[in-house]
Amino acid sequence: MKHKSIWKGLQVKLVFYAGASLILALLTEGILALLLYLMSTVLGVSQGENPYLAEDMAQSSISGEMAEGPARILRLLENVGNDTLYTMLTVAVIGGLFLFVAYFIFLTGGITRDLSDIAGAITSVTGDVSDKRLPTDRQDEIGEIARSVNEMTEELTRLVDAEREAMQTNKEMIACLAHDLRTPLTSLIGYLNLVMDREAYEPEQRYHFAEIALQKADRLEGLISDLFDYTKLMSGEITLHRQRIDFVKLIEQMIEEFYPLLQENHLECHFDTEWRSMELELDPNLIARAVQNLLSNAVKYGKDGKQILINLKKDRGICFSVTNYGLTIPKESLELIFDRFYRVEESRSSSTGGTGLGLNIAKEIIELHGGSIEAESSLEGTVFRVFLPEKYRGGSEKE
């Protein structure tokens, strides 16, 4: 309905300009005809070329001259030939049309210029020039059209940028997955071939090869799991199923699950909290995945620090932090560490990371719960802090 009112307003305005142009053209022709008549009258009397007009001028007084003007015009027309009269009418009509067009173009000049700018802006959008914006200072239909075109341009620009970003993300994802999946898959196939060779290797050796193949298969499963979680989060297919859970117990359970990995990497894990239990409304599966990713990241990059510190306290709501004492993360990397596919070490070594999606997935899950996550790294350690809204129904503090 909005665009119909705009075009209706434009039609009314154009009709008004057309009527005004017609009136101005008729007035201009009338004034020109009057001037020509007066000039011809004066010249004719002064030179004695028109006896009829000269006789009329001589017989009329100055006061009655203007009153007898129409009668003199009729007598003048009676002495003009038909061909001359037709010629004069043709010239008058053509001149009137010319004046009408000239006045119409003059009156609608502002509208045509603005419409030309709008057409140019639309052409620029289709030509992939997305930074041009129309002036919107007019408060009429043209201004409304300009504002609509600007909104359309901004929306198209946003969609084009989103499409480009999606295409770039897909390229990065394909490149990363090709690298991360090919290495363990190649190793898996190689060790399985060794296991099958009974003549060349003893059962103990083949058993060792089978263990390595199982580790590579577990790594492949983790990479594929990260990929599925990422695609679900990005597509918006994941919805929260909040339940009342004991967040303290969940963290303790995750630490127990990581115990073999901690032992393998000679790491100790300390959990410090002021609560014995604390109930929060969270999605247990998603929040467990976020905690798992943070712990996994701490183990991979904190091997040199010999310990991992987990803390749960009241700070900006509920603050859950994981600190490792491995290598310090550079400042430029801290700003990108939650970006998808980002890895601090560019070699993408299989010993220190996966697809680079773990922290990004954790961030998306935390934000789905209405929280936030941040990272800080210095000589005193690298800490990841998760802040969750303080919406819990119960719990008890430690004695």
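The model is predicted: local features need pLDDT of at least 70, side-chain atom pairs count only at pLDDT 80 or more, and totals for chains, interfaces and linings use all residues. Residues are numbered from 1 along each chain as its sequence is written, and side-chain values use heavy atoms, with hydrogens and water left out. Helices (H or I, at least four residues) and strands (E, at least two) are DSSP runs, numbered from the N terminus.

**Sheet**

An open sheet is formed by 5 strands in the order S2-S4-S5-S7-S6. Its pairing is mixed; two strands pair if DSSP finds at least two bridges between them. S2 and S6 stand at the edges with a single partner strand each, so one side of each is left without a neighbour in the sheet. From one strand to the next, the twist averages 15°. S2 and S4 run parallel, joined by 6 bridges. His-270 has Leu-309 in S4 as its bridge partner.

| S2 | 268–273 |
| S6 | 372–378 |

**Helix packing**

H10 lies across S4, S5, S6 and S7, at about 20° to S5. Axes are lines fitted to C-alpha atoms, for helices over the stretch in contact, and angles run from 0 to 180 degrees between N-to-C directions. The axes of H10 (residues 284–301) and H12 (residues 358–368) come within 9 Å and cross at roughly 145°. Contact means heavy atoms within 4.5 Å. Among the residues making this contact are Leu-286, Ile-287 and Arg-289 of H10 and Gly-358, Leu-359 and Ile-361 of H12. The contact residues divide into 9 nonpolar, 3 polar and 1 charged. Here Ala, Val, Leu, Ile, Met, Phe, Trp, Tyr, Cys and Pro count as nonpolar, Asp, Glu, Lys and Arg as charged, and the others, Gly among them, as polar.

**Core**

A nonpolar core is a set of buried Ala, Val, Leu, Ile, Met, Phe, Trp, Tyr and Cys residues joined through side-chain atoms within 4.5 Å. Buried means under 20% relative accessible area, exposed over 50%, partly exposed in between (1.4 Å probe, protein chains only). The largest core has 46 residues. Phe-247, Leu-312 and Phe-320 have the most contacts inside it. H10 gives the largest share, 9 residues. Phe-247 touches residues including Leu-280, Leu-312 and Phe-320.

**Gln-243**

Gln-243 sits in strand S1 (residues 243–246). Gln-243 is partly exposed, at 44% relative accessible area. Its contacts, not counting residues up to four places away in sequence, are Leu-280, Glu-281, Leu-282 and Pro-284. The C-alpha atoms of Gln-243 and Leu-280 are separated by 7.7 Å.
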